[in-house]
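I opened the model and kept notes as I went. The entries follow the order in which I looked things up.

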Amino acid sequence: ADIISTVEFNHTGELLATGDKGGRVVIFQREQESKNQPHRRGEYNVYSTFQSHEPEFDYLKSLEIEEKINKIRWLPQQNAAYFLLSTNDKTVKLWKVSERDKRPEGYNLKDEDGRLRDPSMITVLRVPVLRPMDLMVEATPRRVFANAHTYHINSISVNSDYETYMSADDLRINLWNFEITNQSFNIVDIKPANMEELTEVITAAEFHPHHCNTFVYSSSKGTIRLCDMRTSALCDHHAKFFEEPEDPSNRSFFSEIISSISDVKFSHSGRYIMTRDYLTVKVWDLNMENRPIETYQVHDYLRSKLCSLYENDCIFDKFECVWNGSDSVIMTGSYNNFFRMFDRNTKRDVTLEASRENSKPRAILKPRKVCVGGKRRKDEISVDSLDFSKKILHTAWHPSENIIAVAATNNLYIFQDKVN
Amino acid sequence: MFVRGLKRKCFDGEEDIEGTLAGIKAIPSYNLQRQSLLDMSLVKLQLCHMLVEPNLCRSVLIANTVRQIQEEMTQDGTWQMINTQSTGQASLDRLVSTDILCRSSREQAEGKHVPGYSTFNKDFEGDQTQDSSETMSTASSVQAPRNLQSNVWEMENSQENKGNFQKSLDQIFETLENKSPNSVEDLFSEVDNSYYDLDTMLTGMMSNTKMGHCDGLETFTSPATTTSNSNCKSDLNELDHIVEILVES
């Protein structure tokens with residue numbers, strides 16, 4: 001199994017897609033709940049597996065293009081088939097996933113094996129009929145959106161009009177129409193005329209869930225810009241600029257690096273955005289640009305270890321964050337296979353661990369605690385024993401239920417609320 | 001705070017020498033670690049450049065950190081490029097306690113006036129003439145390390161080195177940019193000769209620093225033997241590769 005690089009539920013939560021470093025996409029489908037086994041509340045089983053992207057070689061630059069899937073985004077379902085966008089560093093693809101459970105039988109001109117029948121042997125005409133067959137799930141690439149990005153694509157986002165989507169790389173954001181693959185509109189371009197002056201890059205971007213003219217993008221300097229596509233074709237000038245003033249007492253050489261935003265997500269309501277930087281998760285009200293309304297510490301005990309984390313490159317890890325269906329709880333990952341949930345209403349938070357050794361299937365997860373200094377209680381883990389190679393970067397939350405998917409390196413964990 | 005702790009001791013006389021000496025030993029530690037952070041960052045940047053597909057976000061963040069250190073060192077007057085070995089202090093190995101570097105910068109707290117680039121040498125010379133014993137008693141604790149260091153450590157012609165350094169930093173971005181040329185002509189354009197400076201500078205640093213912790217450095221060929229052509233070489237290899245493909249087709 002390869003390292004999972006993205007996890008995403010579809011709009012109903014029936015399907016869960018994962019992308020990995022080897023360019024594969026694996027889709028899980030939730031079982032129908034049966035009256036016979038009510039305690040098995042809809043488990044997820046593998047539905048389809050396909051190779052989305054292959055490694056490529058750019059001959060002109062003498063560089064390999066990784067096949068790692070950076071993001072998967074589902075389209076809302078409009079017919080029996082499912083559609084999703086998957087992207088690597090350079091190319092976005094639209095995949096159609098459909099079921100086939102019947103096949104036509106009784107052709108006149110060919111037999112069951114497909115071989116052509118001798119026309120002279122045909123004496124009777126018949127109408128082919130559809131007969132049931134074993135369920136087969138096929139994935140076919142319907143569109144390939146290539147050659148539009150010089151830099152690495154970090155985000156894709158489907159617009160609420162369901163006709164367009166955007167893809168963002170380090171310096172540019174392009175707007176696509178699903179039907180057109182040979183053209184895209186550039187809507188944001190922050191590349192300086194002189195690359196020597198480059199000090200800031202785009203780190204994530206997303207469309208507003210309801211307003212198809214609005215999107216946000218975050219930067220490596222910890223700022224978020226909200227843009228309105230109605231104002232101009234090129235949205236280099238933001239409509240809103242979100243930045244928290246720096247706390248001078250906390251300033252260090254690593255301040256900028258840890259302020260770099262690794263993920264930005266609109267709430268389902270569209271009223272808030274959530275951003276993740278290295279040590280915190282912040283919730284912003286779209287109506288207030290000068291500071292976030294909520295800040296949650298994910299793993300503040302790492303603040304004194306920033307130098308080591310810089311040395312081993314962990315400080316550049318890009319963690320994602322997610323809202324639950326009602327926007328009341330937010331979740332993000334950490335190290336040592338820990339992930340954290342924050343309840344925005346009760347202000348309570350919990351640290352859980354995704355690991356086989358420390359929890360049995362169907363057992364309730366035990367809250368974990370990291371001990372910062374002094375005496376370490378039993379069951380606590382000291383900061384120095386944390387395993388920084390076990391990082392949870394990608395998580396997903398079911399759109400309406402309390403079911404979460406957590407990717408721990410090359411393992412996928414699915415957790416559900418316990419129901420009595 | 002680390003430096004504030006030194007303020008409590010006034011240089012009174014011989015009884016306090018030991019305490020002060022301890023203070024002296026402690027102060028260079030911040031600069032030492034800052035220097036090693038700078039070294040480490042430059043190595044990371046160099047590595048960025050050498051990787052197949054440099055991660056632009058990472059490169060930009062590291063470059064910004066380097067600029068920040070450079071600016072602070074300029075303010076401090078401790079800008080110096082090489083020869084940490086001459087003082088018997090290796091750099092990366094000493095990055096033991098992260099406390100000091102991770103604390104907030106004392107400069108901000110003190111609201112120091114930033115000397116401009118053009119007046120840099122003048123300030124430096126002015127400081128050197130001051131009596132070190134006098135400066136130990138001044139209220140500004142930042143003055144103390146600067147003058148001590150000017151006595152202890154060798155100072156190169158900082159102005160020139162800064163210029164080279166800034167240029168070299170720019171080269172990295174230029175080359176990152178040049179990785180994606182718009183036309184074939186760009187590929188075959190002349191290699192920028194000033195790029196040699198970055199290599200010479202880093203070579204000088206590399207031979208003096210230990211690289212115990214960075215795993216990626218295993219792929220970094222021994223700098224002691226490379227000539228200033230080494231970076232030119234990677235570009236030339238690229239050209240060779242392309243010519244090869246063209247010829248074969």
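**Cores**

I started with the largest nonpolar core, which has 44 residues. For such a core I took buried Ala, Val, Leu, Ile, Met, Phe, Trp, Tyr and Cys residues joined through side-chain atoms within 4.5 Å. Buried means under 20% relative accessible area, exposed over 50%, and partly exposed in between, with a 1.4 Å probe and protein chains only. The residues with the most contacts inside this core are Y278(A), L302(A), L309(A), Y310(A), I315(A), L386(A) and L37(B). Helix 1 (255-259) and helix 2 (306-311) of chain A each supply at least two residues, and so do helix 2 (17-50) and helix 3 (56-76) of chain B. Helix 3 of chain B gives the most, with 9 residues. Helices (H or I, at least four residues) and strands (E, at least two) are DSSP runs, numbered from the N terminus.

I noted a second, separate core of 15 residues. Among its members are A354(A), L365(A), I392(A) and I404(A).

I went back to L386(A) for its contacts, meaning heavy atoms within 4.5 Å. Leaving out residues up to four places away in sequence, L386(A) touches Y301(A), N336(A), F338(A), V370(A) and I381(A).

**Ground rules**

This is a predicted model, in which local features need pLDDT of at least 70 and side-chain atom pairs count only at pLDDT 80 or more, while totals for chains, interfaces and linings use all residues. Residues are numbered from 1 along each chain as its sequence is written, chains are lettered from A and ligands numbered from 1 in the order written, and side-chain values use heavy atoms, with hydrogens and water left out.

**Chain B**

I counted elements in chain B next. Its secondary structure comes to 12 helices and 0 strands. Of its 249 residues, 47% count as buried. I also checked sequence separation. Among chain B contacts with a separation of 6 or more, 82% are between residues 24 or more positions apart.

**A sheet in chain A**

I traced an open sheet of 4 strands in chain A, with the order 15-16-17-18 and antiparallel pairing. Strand 15 (202-207) and strand 18 (240-242) are the edge strands, each pairing on one side only. Neighbouring strands are turned by 20° against each other on average, direction ignored. I counted two strands as paired if DSSP finds at least two bridges between them. Strand 17 (residues 224-228) and strand 18 run antiparallel and are joined by 3 bridges. I looked up I224(A): its bridge partner in strand 18 is F242(A).

**Salt bridges**

How many salt bridges does the structure hold over all chains? I found 32. The criterion is a side-chain nitrogen of Lys or Arg within 4 Å of a carboxyl oxygen of Asp or Glu.

I checked D111(A) with R115(A), whose side chains meet at 3.9 Å, N to O. D111(A) is partly exposed at 27%, whereas R115(A) is exposed at 54%.

K265(A) and D263(A) are the next pair, with their closest N and O atoms 2.9 Å apart. K265(A) is buried at 12%, and D263(A) is buried at 4%.

K366(A) and D379(A) meet at 3.7 Å, N to O. K366(A) lies in the loop between strand 26 (349-353) and strand 27 (369-371) of chain A, and D379(A) in the loop between strand 27 and strand 28 (380-382), so the pair ties together parts 13 residues apart in sequence. K366(A) is partly exposed at 46%, and D379(A) is also partly exposed at 46%.

Salt bridges that share partners join R103(A), E105(A) and R131(A) into one network.

**E105(A)**

Is E105(A) buried or exposed? E105(A) is buried, at 19%. Its side chain makes a polar contact of 3.2 Å with the side chain of R131(A). For a polar contact I required a pair of N or O atoms within 3.5 Å; within protein, one must be able to donate a hydrogen and the other to accept it, and residues adjacent in sequence count only if both atoms are side-chain atoms. Not counting residues up to four places away in sequence, E105(A) touches E112(A), P128(A), V129(A) and R131(A).

**N186(A)**

My last entry is N186(A), in strand 14 (residues 185-189) of chain A. N186(A) is partly exposed at 29%. A polar atom of its side chain lies 3.1 Å from the backbone oxygen of I173(A). The side chains of N186(A) and N174(A) are joined by a polar contact of 3.2 Å.

Technical notes
Axes are lines fitted to C-alpha atoms, for helices over the stretch in contact, and angles run from 0 to 180 degrees between N-to-C directions.
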